[in-house]
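Have the sequence and the 3D view open as you read along.

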Amino acid sequence: MSDTNSASTASHPGGTGTIGDRSVARVGYGAMQLERRRDDRAAAVAVIRRAIELGVNHIDTAQFYGNGFSNELIREAVRPDDGVTVVTKVGADPNPDGPMPMRAAQRPEELRASVEHNLRSLGLDQIPVVNLRRVDASAPIPVSADQVVDFDDQLAAMVAMRDEGLIGGIGLSTVSIEMLRQALPAGIACVQNAYSLVSRTDDDMLDLCTAEGIAWVPYFPLGSAFPGMPKVTDEAIVVQVAQTLDVTPSQVGLAWLLHRAPNMLLIPGTSSVGHLEENVVAGSVVLDADTVAALDDVPHREGQIG
């Protein structure tokens with residue numbers, strides 16, 4: 001797993017962008033849903049291999065995805081000469097026997113332990129980028145008092161690990177624009193927040209990232225995964241555009257994101273090769289100016305769960 005692109009001859013879906021000091025395809029792959037293939041390891045590995053064949057060279061993961069299962073699969077599937085940039089996240093730990101599959105792990109010593117665990121499970125000497133997934137007292141999951149940690153202390157721990165060479169770049173996840181501004185002097189490679197056509201409360205933060213050359217890597221790129229929350233594919237204009245272009249509504253939603261900003265990097269997740277191939281095709285969907293304007297007029301919703 002390196003920053004070279006020697007193995008794949010496929011063009012990079014969506015073109016190329018940067019995350020930290022790495023050049024990557026703008027359509028990447030998120031590994032969270034691979035846990036659905038726990039009973040068919042070969043099929044799960046095949047999804048990753050197919051992504052690489054299609055030119056994907058940015059894979060997003062976390063040790064708490066499937067209690068290490070996603071990382072194990074990536075280590076098995078990705079070869080040293082594939083030129084894949086693996087990005088992981090810290091701030092939570094697996095909690096397989098608890099009421100939720102992960103628990104907050106925000107203290108500086110827990111961030112370090114999680115980085116070390118990711119290094120072992122991925123078989124890497126350095127993780128190209130590690131996202132600090134911030135959890136505070138307002139989070140939708142229960143957070144104990146000892147997990148409400150000063151942001152500066154967390155940043156200091158991340159910078160120390162970067163200085164030691166354990167990580168290559170620092171990312172942030174689930175943060176406010178004020179926190180991003182606070183972190184800018186530390187050098188930030190990317191931001192992962194919920195963002196989609198129907199959830200654009202972070203437009204100002206996206207614009208700041210664009211100006212600063214920071215990759216914007218949205219989760220919930222097609223709207224919230226939670227039942228009853230707005231979904232991009234339910235919007236009438238999205239369905240209409242999809243029919244006109246002979247593509248799927250999901251592909252329209254992903255294509256709109258790529259048109260929204262040049263620093264937009266997508267990591268749609270799936271456990272299906274077919275769905276993966278559809279996501280990759282979204283990188284070549286062209287939206288003309290009138291279509292983009294019509295999609296821009298879709299009202300965004302406040303308060304999606306992230």
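How far is the sulfur of Cys209 from the closest cysteine sulfur? The distance is 8.8 Å, to the sulfur in Cys190, and that is too far for a bond. A disulfide here is a pair of cysteine sulfur atoms within 2.5 Å. In general, a disulfide is a covalent bond between the sulfur atoms of two cysteines.

Before going on, a word on the model: it is predicted, with local features needing pLDDT of at least 70 and side-chain atom pairs counted only at pLDDT 80 or more, while totals for chains, interfaces and linings use all residues. Residues are numbered from 1 along each chain as its sequence is written, and side-chain values use heavy atoms, leaving out hydrogens and water.

A search of the whole structure turns up 0 disulfides. Cys190 takes part in none, and its nearest cysteine sulfur is that of Cys209.

| Cysteine | Relative accessible area | Class |
|---|---|---|
| Cys190 | 0% | buried |
| Cys209 | 0% | buried |

Now to the backbone. Thr174 has a positive phi, near 60°, although the residue is not glycine. Thr174 sits in the loop between strand 9 (167-173) and helix 5 (177-183), and at 27% relative accessibility Thr174 is partly exposed. Helices (H or I, at least four residues) and strands (E, at least two) are DSSP runs numbered from the N terminus.

Phe220, also not a glycine, has a positive phi near 55°. Its place is the loop between strand 11 (215-216) and helix 7 (236-245).

Conventions
Buried < 20%, exposed > 50% of the residue type's maximum accessible area, 1.4 Å probe, protein only.
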